[in-house]
Amino acid sequence: MRLDAVFHNGRFTTLDPDRPTARAVGALAGRIVALDEELEGSSADVVVDLGGAHAVPGFNDAHHHLSLVGKGLRELDVSYASAPSLDALYKAVAERAAALPAGAWVLGAGYDQNKIGAHPTAEELDRAAQCRPVWLVHTSHHMAVASTEAFARAGFTDLTALPEVPGGHVVRDEDGRAKGLLQETAMQLVERVFRPEPSEQWTANIAAGSQAALAVGLTSVTEPGIGVVDGIGNGPADLDAYMRARERSALGVRMTVMPYITALHDCGALEPGVTWYGLDLGLRTGFGDEWLRIGPTKILSDGSLIGRSAAMCCDYHDSPGNSGLLQYEAEEIRRYIVEAHRCGWQVATHAIGDAALDVVLDSYEEAQWLHPRTDVRHRIEHAAVTSDAQVARIAALGLIPVPQGRFLSEIGDGLLAALGPVRGKLAYRMRSFLDAGVELPGSTDAPVVASAPLLSIHDMVNRRTASGAPIAPHEAVTVQEALRAYTIGSAHAVHEEHIKGALSRGMLADFVVLSDDLLRVAPERIGELTVGATVVGGHVAHDVGALKVS
């Protein structure tokens, strides 16, 4: 048999219970067709020597804003690593502004007031940017700060004239003037000026994000939100940008994309007496192929924990009088979910606070009661604060929670400050979900935090904040369980476990070569492992010298 490629002299962890390890893998037409002794008598167009290196199935991030990762690589980085204080942030803005043409926007992202002490203000941004328009997005992407000129470009020359927006908040001084910070849906007051961005620019963002994903061992990604300017995404032609990237061989990872809920609409009659709610032509979850497909529809029910805008059952520990807010009225959330479910969609609802989660769980239960479907796998994105009763209910309803491991270290200190020591024990539960029989996926929510799966796996196992404080350590999982989450679990979350997640015959030939054995290194060393190469569909997509190709 003539194969496209043979990868040999490796130490593969397959996650196939019938053959848990292998030394060689053969690929044909993007699929695994033979392992070890099954390769005897075969030849291949390409033979690759792993040099004894360890390899695991390709990592799959179940919640990763790939286009925004690429966008961030092309704009100003004001993350804590690059701007570790307010003064450093203003200096970075000043340097970027000085290098831009007159009148050009200074666009950046990544700051965290929990780490630098406070949010930037419009007044200070004016001073730093010499009155150029500035727009800095918080690391959570649930709030942003605008300069005075940015407000003016959006039509608000009088900072007392900004309206309040349902599901959002304009932070004001004692005289009612906007201070710069816009939370949740209020961000749209300024974002509408520069969204949608040009298609070519968004395609370039996707290409840059794809290369960044391959470098950390990702072979599949689910992008949670495309297609609108009033939610998550860039604009109505987002899918076209992904198609352009694929046509130009710039889409190196397999993508599942989630249309945002407001991209769905009433399309008229599906058949006599039945209307269709969704995308035109009846497009819905599952349309596409193994490279680019439509997944669940995404909806935000609330905000963020570190921004203190997630809808909680009680006040934030460090913000008395504030229990967050819903992005939509509870009845509107219910209507969105029930209608999308009725028309065949898998639904992925962002629910961070426990109060928001109750609304979402009620909506999912009602949708299934009204329109029964089998094996739907509706999702709870983040599921950040969950009671024991909510964990049990998620399991009973057959839902998929999608918590983020890397949040525990990068923003964990902010999470604990927001929740306090008692409710902090309910943060980003993982062990409880596994014990309840739930298939747990792996994800980062990049660019909110670093996109590297190895770092996220490290945190799923070790569960410590950046300062070293334990964060709900009883929710730790084993390395084997974390690896399963980042492979089989994430594939299961989008109904793709039949082609992804394990290295066995018939599965996609996607794997990542590591610097050491993930399953055997000391738990505290997991984050030190590196990616030597990433293989997608039997083709080497990224290699830093780990492979010898002949």
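**Strand pairing, helix packing and cavities**

Two bridges join strand 9 to strand 10, residues 106-111, and these two strands run parallel. Strands here are DSSP runs of E with at least two residues, and helices are runs of H or I with at least four residues, both numbered from the N terminus; two strands pair if DSSP finds at least two bridges between them. The model is predicted, so that local features need pLDDT of at least 70 and side-chain atom pairs count only at pLDDT 80 or more, while totals for chains, interfaces and linings use all residues. Residues are numbered from 1 along each chain as its sequence is written, and side-chain values use heavy atoms, with hydrogens and water left out.

To continue with strand 10, its residue G108 is the bridge partner of L76. Helix 2, residues 86-99, packs on the sheet and touches strand 9, strand 10 and strand 11 (134-138). Contact means heavy atoms within 4.5 Å. The direction of helix 2 makes about 155° with that of strand 10; axes are lines fitted to C-alpha atoms, for helices over the stretch in contact, and angles run from 0 to 180 degrees between N-to-C directions.

The sheet itself is open, with six strands in the order 9-10-11-12-14-13 and mixed pairing. Strand 9 (76-77) and strand 13 (168-172) are at the edges with a single partner strand each, so one side of each has no neighbour in the sheet. Helix 4, residues 122-129, lies across strand 11, strand 12 (143-146) and strand 14 (178-184), at about 55° to strand 12.

I turn now to the cavities. A cavity is a set of points, on a 1 Å grid over the protein atoms alone, where a 1.4 Å probe fits but cannot get out; lining residues have an atom within 4 Å of a point. Grid points are joined across faces, edges and corners, and a volume is the space filled by probe spheres set on the points. How many cavities of 30 Å³ or more are there? The count is two.

Of its 14 lining residues, S140, S304, I352, F407 and V448 are the closest to its centre. That lining divides into eight nonpolar, five polar and one charged, where Ala, Val, Leu, Ile, Met, Phe, Trp, Tyr, Cys and Pro count as nonpolar, Asp, Glu, Lys and Arg as charged, and the others, Gly among them, as polar.

The second largest cavity has a volume of about 80 Å³. Its lining includes P57, N60, K500 and D510.

Notes. On a 1 Å grid over the protein atoms alone, a cavity is a set of points where a 1.4 Å probe fits but cannot get out, and a pocket is an open set with protein on both sides within 12 Å along at least five of seven lines; lining residues have an atom within 4 Å of a point.
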